[in-house]
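Me: I am new to this structure and would like to go through it with you. Could you show it to me before I ask anything?

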Amino acid sequence: MLMTPANTVIFAFAYVIVGTLALGGLSAAPWVRTRKRLRDFIASRADLKDGAIVYDLGCGDGAVLFSLAERYPTIKAIGYEIALLPYVIGLVTKAFGGKAYRNVSIRCRDFFGPDLSDADAVFIFLLAESYPRVMKKLSKELRDDAKVVVAAWPFPGIAAERAERAAPDVLPVYFYRGAALRAAASSVRD
Ligand SMILES: C[S@@+](CC[C@H](N)C(=O)[O-])C[C@H]1O[C@@H](n2cnc3c(N)ncnc32)[C@H](O)[C@@H]1O
């Protein structure tokens, strides 16, 4: 194929799209959207206070954040996403959502970087292989009372405060607190 300037741009764009999707998969999990029934269930159980700050680490196209924002209009919902394609879809969804999504912020960033000490709640739907690094970050940064909502696989070596599932064919959800994560981390260090 002739490498015209237009072809070069298309290749470069495809390279970035595929490359960043692969990066997400290698870092913590590939892009797999949380299904609507699970999103609705999480929103119904999250019990977020007015003005709560909520993070989704690896937010994909922001689907969970948008569901939370619909149910809790006063929260500040922040998602970090490393893959360009879901990030752009998230931005478009936010733009079309108008006022309903004004408090949702989707940021194209590696979630291992930003500090989470202001979080009231953190949601994750990631591969269990990433948990040791994720747990280390959460145990260092979260306040004692911050909620951690984990879809699919529980954290190893720490009892969840609650474990619930909407139905047998919907992924389970595990609820933790920052304090429990810190206690688990310090018992590993001791
Ligand atoms: C299983 S998907 C979950 C998407 C979304 N949270 C949901 O529930 O619909 C995991 C997402 O994490 C992203 N991801 C993986 N590692 C990341 C990292 N270090 N920083 C930011 N995003 C990451 C992937 O690109 C992917 O979109």
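This is a predicted model: local features need pLDDT of at least 70, side-chain atom pairs count only at pLDDT 80 or more; totals for chains, interfaces and linings use all residues.

Me: How many residues surround the ligand, and which are the closest?

Reply: The ligand is surrounded by 24 residues, and Gly24, Ala28, Thr34, Gly58 and Gly60 are the closest.

Me: Turning to helix 2, which of its residues are buried?

Reply: In helix 2 (residues 36–46), Leu38, Arg39, Phe41, Ile42 and Ala46 are buried. Viewed down the helix axis, these buried residues fall within an arc of 165°, so they line one face of helix 2.

Me: What does that buried side pack against?

Reply: The buried residues of helix 2 pack against helix 3, strand 4 (121–124), strand 5 (147–151) and strand 7 (173–177). On the face turned away from the buried side, helix 2 carries the exposed residues Lys36 and Ser44.

Me: What happens just after helix 2?

Reply: There, Asp47 takes a positive phi of about 50°.

Me: Now the core: which residues touch the most other members?

Reply: The largest nonpolar core has 51 residues, of which Leu68, Ala69, Val122 and Val150 touch the most other members. Helix 3 contributes the largest share of this core, six residues.

Me: And what is Val122 in contact with, leaving aside its neighbours within four places in sequence?

Reply: With those neighbours left aside, Val122 is in contact with Tyr55, Leu57, Leu116, Leu138, Leu142, Ala146 and Val148.

Technical notes: Residues are numbered from 1 along each chain as its sequence is written. A residue is near a molecule or strand if its C-beta atom, placed from the backbone, lies within 6 Å of it. A residue is buried if 20 or more other C-beta atoms lie within 10 Å of its own, exposed if 12 or fewer, and partly exposed in between; C-beta atoms are placed from the backbone. Helices (H or I, at least four residues) and strands (E, at least two) are DSSP runs, numbered from the N terminus. The arc is that of the directions from the helix axis to the C-beta atoms. Two residues are in contact if their C-beta atoms, placed from the backbone, lie within 7 Å. A nonpolar core is a set of buried Ala, Val, Leu, Ile, Met, Phe, Trp, Tyr and Cys residues joined through C-beta atoms within 7 Å.
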